[in-house]
Amino acid sequence: MINNHEQEKKQFKRLFSHLGIDEFDRRFQVLEAFLKLEKHVTGSDIDLQLKEDGIILDQDFIDQSMELLCRFGFASRMEFDHGPPRYEHRHLGLHHDHMICTKCGTILEFRDESLETHQIEVTRAYGFHMLQHKMEIYGICADCMKKRSPLVSLDKAKQGEQLIIRQIEAGRNLQMRVTSMGIRTGDRIEVVSAQAGGQVVIAAGENRLIIGKGMSQKIMVEPHDSAALHTAPEGAAPFKLRQTRLSDMKAGQEGIISKVSGKGTLRRRLLEMGINRGTRVYVEKYAPLRDPIELVIKGYHISLRVEEASHILVEDVNIAQRRS
Amino acid sequence: MHKDDPKPLCFALAGNPNAGKTTIFNNLTGARQKVSNWPGVTVEKKEGIVSHKGQDIKIVDLPGTYSLTPYSIEEITARDFILQDRPDVVINIIDSANLERSLYLALQILELAQPTIFVLNMADVARNKGIKIDDRILSDLLKLPVIFTVGNKNKGVDLILDTAVEEAAAFAKGKTSRNVTYSREIEECITTLEKALLDNFEPSASSPGRWNAIKLLENDPLVKDKFTELSPKKAALLFELADTCIRRIDDLFQDDIDIILTDDRYGFIEGILKEAATTSDRKRVDVSRNIDLVLTDRFLGIPIFLFFIWAMFQATFTLGAYPMDMIDSGVMLVSNFLDQSIPPSLIKKLILDGIIAGIGSVIIFLPNILILFFCIALFEDTGYMARAAFLMDRVMHTAGLHGKSFIPMLMGFGCNVPAIIATKTLESRKDRILTILMTPFMSCSARLPVYIILAGTFFTRHAGTVIFGLYFCGILAAILTGQLLRRTLLRGEDAPFVMELPPYRIPMMKSLLIHMWDRSKMFLKKMGGVILIGAIIIWTLSNFPRDVNYSTDFDRQIQTLETRIQTPQPPENQQEKPEADLTRTLKALQRQKAQERVSQSFIGMIGKGMAPIFAPIGIDWQSSVALLSGLVAKEIVVSTLGVLHGVDNDEPEALKEALQKSGMTPLSALSMMVFVLLYIPCIATVITIWKETSKRWAIFNFLYTTTVAWCASFLVYQTGMIFTTMG
């Protein structure tokens, strides 16, 4: 590798001085810093390395130099998962692919000969002439997999998921109640529908059960092995409730909140006041000038500006006017 | 911990707004309470001392909040008090009829790990709503005492202190309460962070560990700053750890940690409620809803609101007029008594014309202010204030304000000082400052006499229209100011409007009176001193220097006249010189003397010195002196004009004549009225702004209003001049 780097530096000197590129010395410093670093580095990593060596350069200058290095084949640039551009050493004649962990951001390099040859075969079969290729596999790395708890609470389960109940984390009262519903640890269940943050409808054997939010948080489930391969039956479109913005609802309508977005302070405030997923909301009335809107939530009245209400998505429960 | 501590026990009252906290506080402490501001912030702090079974207990009323985030002053104040002052017990007042939402704050308070008791207030309302709460189960679940009260009927209030004292003792023996259990993954993160906190920081800084850990997960800037201050290096590591946790949770749940934490808390609450509360549903009569069918009706809502406001002003000014007259004659009595009992001297003049007149000018407003604040307290305590904000928000929002700003702004038409104090009802600091800076453009009642004289003199037939136009101009200036400041100095996103509409309640007289008196007292205390000093300064400026070069020897002439009046006239001379004539000459002489004295006094000199500034807006030096004296109170503008034009204040007709003769044109009168409308309201207002915001905003307001006033007058006068020369 070291030899390799020496050779790169020599080539750099030759090429750059040949082309008469400005600020040669400083760009060379960027190259040196870059070569010192292994793996996939960002512009700011290089800046840090330079600082360590006692060199301070403008970040724009570094980025621009890295572009030049890419152009002349000393580095290659890539962007993983919308992150900042990263650079790696480009040792001519050598190729490798990447696996990116979406959790910790680790990037693994790999090279698999059979994959490489297979790619050529595939392209050839299509009569396609491959010039170059890039392969990025996203997933979870071994370390993160080890840390991951296989158990999730039922309220986080997705519609259509096949699950096995592993634990019921509750006091004796609730344990009893759950058991009396016919749910035991080790049972296999399917999520029929799950309203965001609200109740979950499950199928346990022949039974359909509705489990409230409080309880579903305490039932720990493990995705069934076949879950990853599981596909919905042909033609059965997933059951989905219609969503409307709260600001589009009329007085007298009622719904269940499915999403609260909006900017930091506003969203926090809304959440604290009890406007969170799974909460039932009733539109009491609009103010005479049509702006603030009065809602009934968790048994009390609250008013929001229409603009603020537009950040809240609601699943319709009834559209019929409830005349008061 | 505090068993042998001679320090009195300290209990803090916490809870949601509208939970009846203040009522319970009043019931506990009675009249023995002290109202001040929390250090550094303009949030009201109420304290009181109760003697309970031979033990003195200090009770602190924390600001009413819905949560303990670091995003509002009230919430920061409340949580800092619990964390730093460590009250022996936190008494958490909970609205029983609103248990679910109230528990959200309650659980956050529990996380602060201080002894806490739950007071389920308004138990009767909850019962009527069909909510049954099992206090034993609730108490078992959370491992803390739970008691029921009905605050406004004073039921169960005694029990609060007993229970709190017991709980403090139990905690000292190592008892703890239960906390929210979050999702398993979050609990893991909390444990990791808690351990890291213990390993890296002193227990004094890191405790309560669980709370700090949760705050790190919530990315709480204040908590983070605290650790950075202690040790930037260790803090950085800690934050990195927290970030990993946040990312992990983000990834696992595919959602923001904010949402997950709130979901978990409300999930926990739901679990508690399922065990401890039952709601027998349906068909109860919701009185509040029925009232709102009328009061916030699409068509009736706004007219009814305007009627209430009209009624408030009627009450303030018509009812207030009677005690005002009484106070006025009272002040006159005192001043006459002093006039006779003190030998004539400079000190006497200072006492009579400076101090008594100064105090009189403040105290005269007391009835108005008491009535106004009583009405405001009534609006607040019944729950109508929130409806007013609900109705008016659309209108106020166009000026960048909150609906609640409407009432203070409107009060500004009465008097700016109470209006500015009334902005305390606004939650967001930005909204408060904005409202406070806009209020002085509301033409207060003290400005009206000036308009009446000037418009009455120069726009006889259209005086009403002109005065109405002025009021309108003031509103326009306020709106433009709002727009301008929102775009410049007070930029940033609007505070969320999210506001509870509490159920209507029958207010308690005691609460109303305490509320009213607290605010009025603040007005009197602050204003009394300042007005006094202001009055003395203006008096000094207009009475010095003493060595005035009078055109004739007034003193001797007055003296001779006075002796002539007092000595009984021989009957044959009586027809020649009737006494009435003599008195009139005497008065004329005195007026002439005062006129000359003021014009040569410091204030006269200042007025003359400032003439070049006022010339482009068509205001002569007499008027500029009057404007200067108007800084104390705008009513004085008229009386100063009177003095300077040598007419008696009791004869408005004479002043009108004098003004017409003085070379003032309708145009310059208009310019002056615009100036009076827009320039600094009065010292009292500026001082109130200072007290309620900061010195910088007060100075800003001073400069800003003056600049606006000058520019507007300039525009009026110069445009008018162009038209006159053309015509």
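How many residues does helix 31 of chain B have, and how far does helix 31 reach from its first C-alpha to its last? The model is predicted: local features need pLDDT of at least 70, side-chain atom pairs count only at pLDDT 80 or more, and totals for chains, interfaces and linings use all residues. Residues are numbered from 1 along each chain as its sequence is written, while chains are lettered from A and ligands numbered from 1 in the order in which they are written.

Helix 31 (residues 666-678) of chain B has 13 residues and reaches 18 Å. This is close to the 18 Å expected at 1.5 Å a residue (the expected span is 1.5 Å times one less than the number of residues). Helices (H or I, at least four residues) and strands (E, at least two) are DSSP runs, numbered from the N terminus. Of the 13 residues of helix 31 of chain B, 11 are buried, so the helix is largely enclosed by the rest of the structure. A residue is buried if 20 or more other C-beta atoms lie within 10 Å of its own, exposed if 12 or fewer, and partly exposed in between, with C-beta atoms placed from the backbone. The buried residues include B:Ser668, B:Met673 and B:Phe675. They pack against helix 21 (448-458), helix 22 (463-487), helix 28 (621-629), helix 29 (635-644) and helix 33 (695-726) of chain B.

B:Met673 and B:Phe675 are also among the residues with the most contacts inside the largest nonpolar core, which has 198 residues. Such a core is a set of buried Ala, Val, Leu, Ile, Met, Phe, Trp, Tyr and Cys residues joined through C-beta atoms within 7 Å. Its largest share, 10 residues, comes from helix 16 (residues 366-382) of chain B. Another core, of 16 residues, lies apart from it and includes A:Ala157 and A:Met215.

The two chains also touch. The contact takes 39 residues from chain B and 37 residues from chain A (two residues are in contact if their C-beta atoms, placed from the backbone, lie within 7 Å). On the side of chain B that touches chain A, helix 12 of chain B gives the largest share, nine residues. Strand 17 (residues 300-304) of chain A and strand 10 of chain B run antiparallel, joined by two bridges; strands pair if DSSP finds at least two bridges between them. Here A:Ile302 stands opposite B:Glu500.

In chain A, A:Ser261 lies in the loop between strand 14 (254-260) and helix 9 (264-272). A:Ser261 is partly exposed, with 13 other C-beta atoms within 10 Å.
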